[in-house]
Amino acid sequence: VDPTIKLTISLTGYSGRAWPEIKILVQDQVIWDRPVENQQIIHHEFSPSDNNSIQIVHHNKNNDTVVDANNNIVQDRHCLINYIKLNELVFDLDSFSRYNYPFVAEDNESIITNYLGKNGTFYFNFEYPFWKLWYNLQQRSVDSKI
Amino acid sequence: MNKKIVLVSVPRLDPAPQANLRFLLKKLQDANIDSEIFDANLDLYKRYSDLPSWADIERWGIQQQDRQNTSNELWQELEKSFSLWAEQIINLHPTHVGICVFTGESRNWTQWLCYHIRKANPDIVIVLGGKGINKPGRPNADFGEYCLSWNLCDYYFNGESELELVNFLQDRPCIVNNPDTFVSFNDLDLSDFVYYSNDEYQLTSKWYDQPINVQDKLLKTYSTRGCVKKCTFCDVPLLRSNWSMRSPQNLFDEIRFAIEEHNVRSIAFTDEMINGSNKQFLAWLELLANYLEKNNIQDFQWESQFGLKSKQSIPTRTFDLLDRTGAALTIGIDHFSNAVLDHMEKRYKQDDIFWFFENANKPKITYKILMFIVGYPTETLADFEIFKNGIVELFQYQPQIQAWDFGQTCSIPFGSKLSKLENIELGAQQVDWYYHNNPTLTKEERLNRLSIIDQLSQEHQLNLTRAKATSLRVESWTQQ
């Protein structure tokens with residue numbers, strides 16, 4: 001039996017005049033669609049398939065950045081992806097360009113970042129065999145300790 | 001339990017045994033560590049390079065396609081290779097497997113080979129090294145971290161691993177799994193010979209994609225590491241700040257050994273700049289030229305990347321020695337506009353280029369590849385006209401020129417001098433940038449200039465090196 005994936009996503013929202021609205025899709029199904037106020041931890045369980053795709057979409061960015069009299073940015077609506085966790089497998093995205101997962105903005109610019117400062121989609125896709133191998137090795141390690 | 005490491009060369013590289021792995025093997029064997037090489041790259045060439053599926057296999061690696069975008073037929077072929085290699089590697093009974101991820105194009109091959117080795121025998125320790133560990137042009141080891149996260153490897157070396165791998169296998173302190181800093185060793189002793197067997201010498205000739213004139217046996221080795229130039233668009237200075245060369249005598253000894261013991265007549269250097277030091281370079285050429293003449297060896301040739309310099313910086317006797325030793329040079333000429341050359345910090349002018357070609361017009365000097373950059377950020381239309389005229393000017397030397405390379409328009413490695421240019425905007429890929437100070441040079445305009453050069457190449461029947469691969473890359477980034 002294929003192991004169920006316990007997905008955890010940690011996000012931090014920063015408001016301009018409103019909080020960033022984030023939609024999360026797992027295997028093309030929407031599992032979350034609402035504003036991210038401060039820190040949010042999102043949990044979801046799913047069965048892996050060949051198409052293991054996680055998309056994090058920022059979709060309400062507009063020109064509401066708050067600036068002071070000297071044009072310095074005081075508040076800017078954006079969202080940070082802190083980490084993505086698959087069971088105990090943690091991808092710490094809060095370290096710039098540690099991995100190669102892209103954020104593709106609406107204007108098609110593709111950047112390696114966890115900073116969703118524009119409207120666009122962060123893609124985290126993974127190969128099913130890699131997940132299964134990781135899981136089996138993890139189980140093997142747990143079993144050997146028992 | 002005694003340790004044994006199998007060093008693996010993964011696709012896709014030139015079809016020749018890798019000198020760097022040979023060098024590493026020698027370091028390991030000197031330290032009495034049981035080790036051998038498994039060459040998956042050559043095996044792939046042997047099995048597929050003549051088949052129609054070869055183009056798809058190339059595309060899969062170069063574009064790093066995921067399984068979703070791979071046809072079932074192709075995937076079955078690839079899986080067959082991975083399983084076979086994993087089985088063959090495991091049959092060598094290693095405790096460790098060291099995979100050389102030579103470039104970004106080796107990543108797809110590496111991750112699936114790791115997967116198959118792991119699946120077949122999870123107890124083997126998998127260690128990764130090579131430049132493909134890093135994000136291109138950056139010190140960050142993103143691929144190393146990725147493989148580590150998915151448990152596809154146990155350790156990775158970010159940087160030069162020749163000394164560190166020996167330390168690692170001897171349980172001494174060493175730098176592993178270090179994501180942020182590319183480790184290089186300025187005092188690395190490059191003096192070890194790169195020994196091949198007779199069979200391997202034959203293989204190099206058989207599978208080398210652009211064989212130089214002599215079809216006998218090829219020694220692939222190196223004399224230097226790094227580059228003395230600090231060109232604005234280049235990532236070599238980012239990864240290795242200094243330049244070093246083997247002693248002329250030591251290098252000559254290796255070549256004499258290869259000639260006398262294996263009847264080698266061709267040398268391919270993997271150097272980035274063989275002539276960083278005129279003094280050492282000419283001393284080596286003198287030794288070689290005298291030896292070849294004394295022994296009446298006529299059919300000898302060597303090839304390497306060669307750094308063009310100003311006429312004041314190239315002693316005139318260089319040309320005579322290049323001719324007497326049969327030099328096949330790969331040169332990054334890059335441009336003909338003095339304004340662009342100055343901005344690139346090439347330290348030579350258009351006059352110097354033509355002076356070089358005029359003096360190098362000798363029977364036994366050839367050019368393996370001439371490399372150019374189309375669409376440098378500061379390139380104006382006037383610069384581009386100068387560039388085109390410069391190319392045309394070189395047509396008179398066409399009999400000496402084996403291949404031309406016009407790249408995929410200028411790419412800007414992250415962290416390079418160009419990437420720090422004021423008003424430059426960088427995208428995710430190195431070719432994806434916009435320079436606000438030269439607003440008419442859009443992505444479309446760069447491709448337009450490249451297509452003008454392509455057309456010129458076709459009209460004059462220029463031989464373009466790796467043209468297919470280059471067009472694949474252009475196709476890949478224009479589709480975004």
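**Two chains and what lies between them**

Modeller: In this predicted model, 25 residues of chain B are in contact with 25 residues of chain A, contact meaning heavy atoms within 4.5 Å.

Biologist: Which residues of chain B lose the most area to chain A?

Modeller: Arg67(B), Ser149(B) and Trp150(B) do, and together they account for 28% of what that side buries.

Biologist: How much area do the two chains bury between them?

Modeller: About 2,300 Å², with 56% of it on carbon and sulfur atoms. Buried area is the accessible area (1.4 Å probe) that two parts lose on being put together, summed over both.

Biologist: Before we go on, how do the numbering and the cut-offs work?

Modeller: Residues are numbered from 1 along each chain as its sequence is written, while chains are lettered from A and ligands numbered from 1 in the order in which they are written. Local features need pLDDT of at least 70, side-chain atom pairs count only at pLDDT 80 or more, totals for chains, interfaces and linings use all residues, and side-chain values use heavy atoms, with hydrogens and water left out.

Biologist: OK, chain A. How many helices and strands does chain A have?

Modeller: One helix and 13 strands.

Biologist: What box do its C-alpha atoms fill?

Modeller: Along the principal axes, the C-alpha atoms of chain A fill roughly 65 × 30 × 25 Å. Buried residues are 49% of its 146 residues. Buried means under 20% relative accessible area, exposed over 50%, and partly exposed in between (1.4 Å probe, protein chains only).

Biologist: Take Thr12(A). Where is Thr12(A) in chain A?

Modeller: Thr12(A) is in strand 1, residues 5-14. Thr12(A) counts as buried because its relative accessible area is 14%.

Biologist: Which side chain does the Thr12(A) side chain make a polar contact with?

Modeller: That of Asn82(A), at 2.9 Å. A polar contact is a pair of N or O atoms within 3.5 Å; within protein, one must be able to donate a hydrogen and the other to accept it, and residues adjacent in sequence count only if both atoms are side-chain atoms. Beyond four places in sequence, Thr12(A) is in contact with residues including Val36(A), His78(A) and Leu80(A).

Biologist: Now chain B. Why is helix 2 (residues 40-48) described as largely enclosed?

Modeller: Because seven of its nine residues are buried. Among them are Ala40(B), Leu42(B) and Tyr48(B). At the start of helix 2, a side-chain oxygen of Asp39(B) comes within 3.2 Å of the backbone nitrogen of Asn41(B).

Biologist: What about Leu128(B), buried or exposed?

Modeller: Leu128(B) counts as buried, because its relative accessibility is 1%. Leu128(B) belongs to strand 4 (residues 125-129) of chain B. Beyond four places in sequence, its contacts include Ile99(B), Cys114(B) and Phe157(B).

Biologist: Last one. Which peptide bond is cis?

Modeller: The one from Pro11(B) to Arg12(B), with omega near -5°. Arg12(B) is in the loop between strand 1 (4-9) and helix 1 (19-30) of chain B.

How values were computed:
Helix = DSSP H or I, 4+ residues; strand = E, 2+ residues; numbered from the N terminus.
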